[in-house]
There are 2 protein chains.
Amino acid sequence: MLQIPGEVPPGPGHARGGRGVTDWVRQVDVADLGLPVDVPSTALFTDQYELTMLQAALKAGTAERRSVFEVFTRRLPDGRRYGVVAGTGRVLDAIENFRFDAAVLAFLRERGIVDEVTLDWLDQYRFSGDVWGYPEGEVYFPGSPIMRVEGSFAECVLLETVILSILNHDSAIAAAASRMSSAAGGRPLIEMGARRTHELAAVAASRAAYVGGFATTSDLAAGFRYGIPTVGTSAHAFTLLHDTERGAFRAQVDSLGRGTTLLVDTYDVTEAVRTAVEVAGPELGAVRIDSGDLLLVAHRVRRQLDELGATGTRIIVTSDLDEYAIASLAAAPVDAYGVGTQLVTGSGHPTASMVYKLVARAESSDPQAPLVAVAKKSTGGKTSVGGRKWAARRPDAQGVAEAEVVGTGPVPAALADHQLLVQLVKGGEVVAREPLDVVRDRHAAARARLPLSATQLSRGEPVIPTEYVHAPSGSQEVPGAAGRRPLPRGPQSL
Amino acid sequence: MLQIPGEVPPGPGHARGGRGVTDWVRQVDVADLGLPVDVPSTALFTDQYELTMLQAALKAGTAERRSVFEVFTRRLPDGRRYGVVAGTGRVLDAIENFRFDAAVLAFLRERGIVDEVTLDWLDQYRFSGDVWGYPEGEVYFPGSPIMRVEGSFAECVLLETVILSILNHDSAIAAAASRMSSAAGGRPLIEMGARRTHELAAVAASRAAYVGGFATTSDLAAGFRYGIPTVGTSAHAFTLLHDTERGAFRAQVDSLGRGTTLLVDTYDVTEAVRTAVEVAGPELGAVRIDSGDLLLVAHRVRRQLDELGATGTRIIVTSDLDEYAIASLAAAPVDAYGVGTQLVTGSGHPTASMVYKLVARAESSDPQAPLVAVAKKSTGGKTSVGGRKWAARRPDAQGVAEAEVVGTGPVPAALADHQLLVQLVKGGEVVAREPLDVVRDRHAAARARLPLSATQLSRGEPVIPTEYVHAPSGSQEVPGAAGRRPLPRGPQSL
């Protein structure tokens, strides 16, 4: 039964009924489901060169140099006004579980991928550095230092692939979800794209969609893993299984109650709506329309439902919707949108283009050695800005964001209270877990503080510019102890 | 170290050295890695409506009607000439592991998703029907019955989401990979897109890329899980970690040998190539170029390498390549291509549009009841062809495919030897597991039998038309026993 959010959920287990969306999973043992939950190791989600670079650095004596890597993107997807940080919570799980167990080490040895010295080092691996980042749900712009990973080169370089996989996927989905939820106004959005993407990417996509403003998902794994409210309607197969459409509707109502959602476009919509109300009565919960000219059909069905006295029966539309189709239905009598393909494929942009770059490293392995800014310099458009960065979003007098300010060196006093990075991992310990509802609310708030044109669907430039503030030349930071000390949230020098 | 396929692999564990790509994983205990391997359950990769339809059908007494579901697509992605079936092996794993364990049942009960009768039924669930399908690696066209699932409505309807997730994702990647491997001619392709997609989708993407003709992957999880040969080069971070580029190259060569691949575009390419050959000697394995005008730079680097006597040093290019960029480098002195983003996002088409539709079902729950063809009939473009189908690819006199013939009823004698569907699951038991190399070879052979224009990169219609042959009216099949009997590969009536 499709339960439209905002109403009282029917059963005791409906997570929106008070417990918050991340609580349920804690009650059961989930390790045996093959879901990416509490996995003993995420260490194989790694490109081979990370291990061979480690081996070479170990031999060269450079592996222990204190290093700063940053995640950022050089550009937003073409035409997009803002990006949405999503996946941070999954990154924290991945870092915590990043271990090389016996089977992985045996594989690396057998394949001859790295030498014994490196295998011994990996056997002891546990990330012990610091991670700062934009809190999940925040918006971002070109150059925003979305995540900053600090520690020895060796311990940080290994995390490149898994961090990027998670952030690039989840942020792409969340950005599409955010545009769709803007377009939908207050109407609820249902994520139903599991069948259009990898079965585990689907679970992460549901999570990212929720962050971006979706209300529910059809994916049971996402309900299980993340406590996202789940919903369901009915498929054409169910109608076709039965001898008549009336028989199918009766079977569904008998079992699932009058509050259920009947699918009315298997044969003739008008006849189906009439039959649906005859079978379920005017208390029928909702009808779903999955094909045809949705604008036209929704108007016709609404009129028919009202004439039949089913004024409270809602209309749910599904059928290859994207943010543009959703917006085009704003004036139609639609109560909820189900979105599949376009959501899980990022509505034309299935990946964010985030990269993970070394931006500063110590001059030697001495824990007291100062950091020096580094950056790729060759021509070809892939240059980066070196140095460990802070970021702040400068508001105008009305509190509306007017610039993303990214800098090295001291943070200007006027921006001190508007900084974006928060500490996520401190000395290897995750310090910033939070419920998904908090993340979702943060996204809504961050988007609301952008200029109004942020939510225009038309293609455009990033809605605020990124400004760079460079450190005074010669400024360097002398760390307390090899990248292990907690970084102050306040002013940070390079 | 990047090892270009076709050469003798260096270490004892290089899977191409004889054992085939699916053997390695059998030697180790993989269950504790959090990879989607041997998972006890895939049952949560399910949309909620499958369970609520089950509940309604159980109550209505229709759940046991023998049913035939088919996977097909109404169209190829815009402009594509053929599709590639990939993921079949993963579907078989998913079906085999599709069980509702205690934790899943507790979740469904707590959330009130289905009633106790349904929970009891799910507790006993084990697919006991038959699955036929195009063998993995085959090509497909609009309307091709890519997979056919037969059994009771109840047991088949539950598999919809997981089957579609796998086939839609993997086939989309394999189709892109196939175009890229055509474009690359005989030059090897390296899959390096893990960082651009969900961490587990990446593993499946590596597998699909291998099916589509890629030679290697950078993704260690894909090497571990599927035995795909893994390779690695070096990142800009490694060069930047060291005080000089020369120091970085020396460190890499000292540790990984002269056969390694040096990344030469961190600062100045010409200077880097000179330094690389000075450090490694003319025996240097390869250089990688990751930015700039690759055509121009590859020519310049080749000339420089040759002048330095490094005539055997290969050139590997990476940098947002797609099939068009690969084709444009056909005349350049490039030895291998590394492909990331565009591969794992399906080069513009990140999902296939396969659907899972009920095409026939029994008139009653009687195991002897005849099947009747069913299909959605409303307007709106989403109509289907009812009836259980066979498919054959008709060759012309030269053996080149000229039509995809899809039909119900008896198979014409002339097509009997050209049928495409093979049995994958028989009475619930998987009967068609095969090594990934067999699948990869099958794809190459199937593509080679298409008209030459199949591998043109320009947009076009499907390279062969789909023709429908309908069963004589009134023909029906009387099954032996409720969908459990093995289906003949030969002529099949509706």
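This is a predicted model: local features need pLDDT of at least 70, side-chain atom pairs count only at pLDDT 80 or more; totals for chains, interfaces and linings use all residues.

Me: What makes A:Arg195 and B:Glu160 a salt bridge?
Reply: The closest N and O atoms of A:Arg195 and B:Glu160 are 2.8 Å apart, and the rule asks for a side-chain nitrogen of Lys or Arg within 4 Å of a carboxyl oxygen of Asp or Glu, so the pair of A:Arg195 and B:Glu160 qualifies. Across the interface of chain B and chain A the rule finds 14 salt bridges, and there are also 60 residue pairs in polar contact, with both residues at pLDDT 80 or more.

Me: Why is A:His236 called buried?
Reply: The relative accessibility of A:His236 is 4%, and buried means under 20%, so A:His236 counts as buried. This residue lies in helix α9 of chain A, residues 236–241, and, leaving aside neighbours within four places in sequence, the contacts of A:His236 include A:Asp290 as well as B:Lys357 and B:Lys376.

Me: Why is B:Asp320 called exposed?
Reply: B:Asp320 has a relative accessible area of 51%, and exposed means over 50%; the label therefore holds for B:Asp320. B:Asp320 sits in the loop between β10 (314–318) and α13 (323–328) of chain B, and has a positive phi of about 50° although it is not a glycine.

Me: What makes the phi of A:Ser319 worth a remark?
Reply: Most residues other than glycine have a negative phi, whereas A:Ser319, which is not a glycine, has a positive value near 140°. A:Ser319 is found in the loop between β10 (314–318) and α13 (323–328) of chain A.

Me: Which residues have the most contacts inside the largest nonpolar core?
Reply: In this core of 164 residues they are A:Phe100, A:Leu108, A:Ile163, B:Phe100, B:Leu108 and B:Ile163. Beyond its neighbours within four places in sequence, A:Phe100 is in contact with residues including A:Leu51, A:Leu108 and A:Tyr125. A second, separate core has 56 residues, among them B:Ala177 and B:Leu450.

Note on methods:
Residues are numbered from 1 along each chain as its sequence is written. Chains are lettered from A and ligands numbered from 1 in the order in which they are written. Side-chain values use heavy atoms; hydrogens and water are left out. A polar contact is a pair of N or O atoms within 3.5 Å; within protein, one must be able to donate a hydrogen and the other to accept it, and residues adjacent in sequence count only if both atoms are side-chain atoms. Helices (H or I, at least four residues) and strands (E, at least two) are DSSP runs, numbered from the N terminus. Buried means under 20% relative accessible area, exposed over 50%, partly exposed in between (1.4 Å probe, protein chains only). Contact means heavy atoms within 4.5 Å. A nonpolar core is a set of buried Ala, Val, Leu, Ile, Met, Phe, Trp, Tyr and Cys residues joined through side-chain atoms within 4.5 Å.
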